[in-house]
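Have the viewer open as you read.

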Amino acid sequence: MTAPVIGFAGMTHLGINSAAAAAAHGYPTVWFDPDRTLVGRLESGEFPVVEPGLMELAKVHRERISFTSDAMALRRCAVVYIACDVPTDERGDSDLSSVRRLIDTVSAGLARDAVLVVLCQVPPGFTRALDWPVAQRYYQVETLVFGRAVERALHPERFIVGCADPAIPLPGPYRGFLEAFGCPVLPMRYESAELAKIAINCCLVASVTVANTLAGLSEHIGADWNEIVPALCLDRRIGHHAYLAPGLGLAGGNLERDMATVLRLAGETGAETGLIRAFMANSRHRRDWALRTLHRELLTANPDSVVAVLGLAYKENTDSTRNSPSLALIRHLKPWRLRIHDPVVPARAADHPRAVACASPLEAAAQADALVVMTPWPEYKGLAPAELARAMRGRIIVDPYRVLDTGAVAAAGFSYFTLGVSPSRAARKAPHA
Amino acid sequence: MLEHLNTAPAKPGRVVIIGAGGFVGGAIRRRLEEEGVATLALTRRELDLLQPGAARKLAALLRPTDSVVMVSAIAPAKTTPLLVQNLTMAEAVCGALAGAGVAHLVYISSDAVYADDQNPVTEQSYCAPSTLHGMMHAARELMLKSAIAAPIAMLRPTLIYGAADPHNGYGPNRFRRQAAKGEPIAIFGDGDEQRDHVLVEDVAALAALILARRSRGTLNAATGVATSFHDIAHMMAKQFDNRIAVQSVPRPGPRPHLAHRFFDITNCLKAFPGFRYTALAEGLVRAGRSA
């Protein structure tokens, strides 16, 4: 039997990775975006997103990929996913107009029996309000993780599908496509699925907030949060995959979006959501950890300081700088000279009047008084602190994610500041990495 | 959080200081005059805000291009009559500024507006005063914001110390006076409560920065470092070559509910990246020299 054609509308991070995974599972795919230039770039193999394994995957399955900027080309699709970006404002509130525009564009070209699946992140109530036959209208929870998007798209833990009536079986082509991934499929009403996405993110944020709160306390009382994490992971009620690594607050934008959605819904319904406000306050506080550390250790006393900043992306293995802690830090370092490096993001993204773009991390370290590792790129793990010491003028390393070899950092004579452990301990004795 | 309406610092045309004769007002006046800023310094002698017609009198002194610093208060406002008097003073200022129109207003408020259980305190902390003094400042902030169209900045200092402090509250100023008289420095219990203490000249410097950037919003004036009264007493004793003893005395009442208060000063680092608070040890020495 010929596999049905699966369409993806919106060549975003989500759309591209999801479409590549569909092709890899043996389905002919149509990659649609109204932006003709973007489609041209994709066709020539130039992808606008960085993900490990993505280019290779698309290349291997090229014969099952058809690029188009013509919505009518979606007419041969049995299932069409809507996968555009949903922009948020500074408060995290979603602007859904782009989703609605794309649905209007796409639905004009669809076959009468085509199934429309909203894959992008929308608030509860959105899918039910759409103008498309309920038997062919679904919402599917996306679980994109930047830097691990291909792996997650190829091997999802489960599919959560929002339906008008979960008791009615999914249409054959859609059900067959989902079953090809070999994971559980959980149908539920639209609103439940839309809230399930938010619930997943709330649980992640809860873990992150616990980690950040107690890592912050560890820094003051001589504990080392990294020693505690394995103990938590071995607890069956918490688990190996729990988000317990301390970080610089919530980044990336999607988690904040869901927190904002919960607060908005609570505001409209009177539900109690003080916990969510606490998550947000903790995130704001932890985001500025590097700024406070730099001021305390260097900047306040030395107005002529030079700071090397390694990493601009919001996390490793991505070129996304959305809500990047690094850019947030740089924004508040205007009076000081910076030397900047990122393996993927151009230095101009920093938008700093006194920043120098550097071709390598060692070049960035040259004559710097302090070095800050703001994105845990794998290539920074290999940096030799002894070489950094030879290049730098000062002896301060701020390494929130503990990327560097802490023993070698101490041996090279650096004062070392990392999340979850008090600075004096890190400077005197290498913590167990 | 502060928003700077001047993208770069600019000298204000003239700054009218209401309450220029006081401890904080005097420091702000000196700071502005050192920077060459024209000031109109109003003490109670020139303008008694409790007198009838005070609003009209003040309005007649103001120009539309003036920046105004409102620092006049009867502090601490520990009783209801004092609370009411302070609000009457603010009412006069509201009346004058609403009518005359000015370019900018800086109100010197207090960290007493925050709820006691907020730790660390930031500008986003809840305002829920537990004292009449805190309620007085919170009410004045609201009165000014609701009456005046000009951009307003609220500067909320924590415990202020300095040579000219007329108060004799528990802390650096009282400790210095005790030591200067050759008396032991008396701390309550073991003096382990930690507080943030800010030098009055730093408060004045922040006010000057806010005026230069024509900032609006809220900023705490706190160093971000909390120190125990025990340690402050010993810092003070050191200034007197350790000839003065530090003596524990029974607390005058139960141990305070607010044992420690810390400030997160990230917003100040962002608003004024080049500003440096005077460390307490250094500030105590400077205050001691001026005393």
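Which residue in strand 4 of chain B does V15(B) stand opposite? It's S67(B). Keep in mind throughout that this is a predicted model.

## The chain B sheet

That pair sits where strand 2 (residues 15-18) and strand 4 (residues 67-70) of chain B run parallel, joined by four bridges. Zoom out and you get an open sheet of seven strands in chain B, ordered 1-10-6-5-4-2-3, with mixed pairing. At the edges stand strand 1 (2-4) and strand 3 (39-42) of chain B; each has a single partner strand, so one side of each is left without a neighbour in the sheet. Going from one strand to the next, the twist averages 15°.

## Chain B as a whole

Chain B carries nine helices and 12 strands. Its radius of gyration is 19 Å, close to the 19 Å that the globule rule gives for 291 residues, so chain B is as compact as a globular protein of that length. Along the principal axes, the C-alpha atoms of chain B fill a box of roughly 55 × 40 × 35 Å.

Buried residues account for 46% of the 291 residues in chain B. If you take the contacts in chain B with a separation of 6 or more, 82% of them are between residues 24 or more positions apart.

## The chain A sheet

Over in chain A there's an open sheet of six strands, and the pairing is parallel, with the order 11-10-9-12-13-14. Strand 11 (355-357) and strand 14 (415-417) of chain A are at the edges with a single partner strand each, so each has one side left without a neighbour in the sheet. Ignoring direction, neighbouring strands of this sheet are turned by 20° against each other on average.

## Domains of chain A

Chain A splits into domain 1 (5-188), domain 2 (198-286) and domain 3 (288-428). The centres of domain 2 and domain 3 of chain A, taken over C-alpha atoms, are separated by 24 Å. Where these two meet, 17 residues of domain 2 of chain A are in contact with 16 residues of domain 3 of chain A. Helix 7 of chain A gives the most to the domain 2 side that touches domain 3, with four residues.

## The nonpolar cores

How many residues does the largest nonpolar core have? The count is 148, and those with the most contacts inside this core are V307(A), V372(A), V69(B), V93(B) and A207(B). Helix 6 (residues 200-213) of chain B supplies the largest share, 11 residues. Domain 2 (198-286) and domain 3 (288-428) of chain A both give residues to this core, so it lies between them.

Not counting residues up to four places away in sequence, V93(B) touches I18(B), L49(B), L58(B) and M70(B).

Notes. Residues numbered from 1 in each chain as written. Chains lettered and ligands numbered in written order. Predicted model: local features only at pLDDT ≥ 70, side-chain atom pairs only at ≥ 80, totals over all residues. Core = buried A, V, L, I, M, F, W, Y, C linked by C-beta atoms within 7 Å. Buried ≥ 20, exposed ≤ 12 C-beta atoms within 10 Å, placed from the backbone. Helix = DSSP H or I, 4+ residues; strand = E, 2+ residues; numbered from the N terminus. Domains from an automatic or database assignment. Contact = placed C-beta atoms within 7 Å. Rg over C-alpha atoms; globule rule 2.2 N^0.38 Å. Pairing = 2+ DSSP bridges. Axes fitted to C-alpha atoms, helices over the stretch in contact; angles between N-to-C directions.
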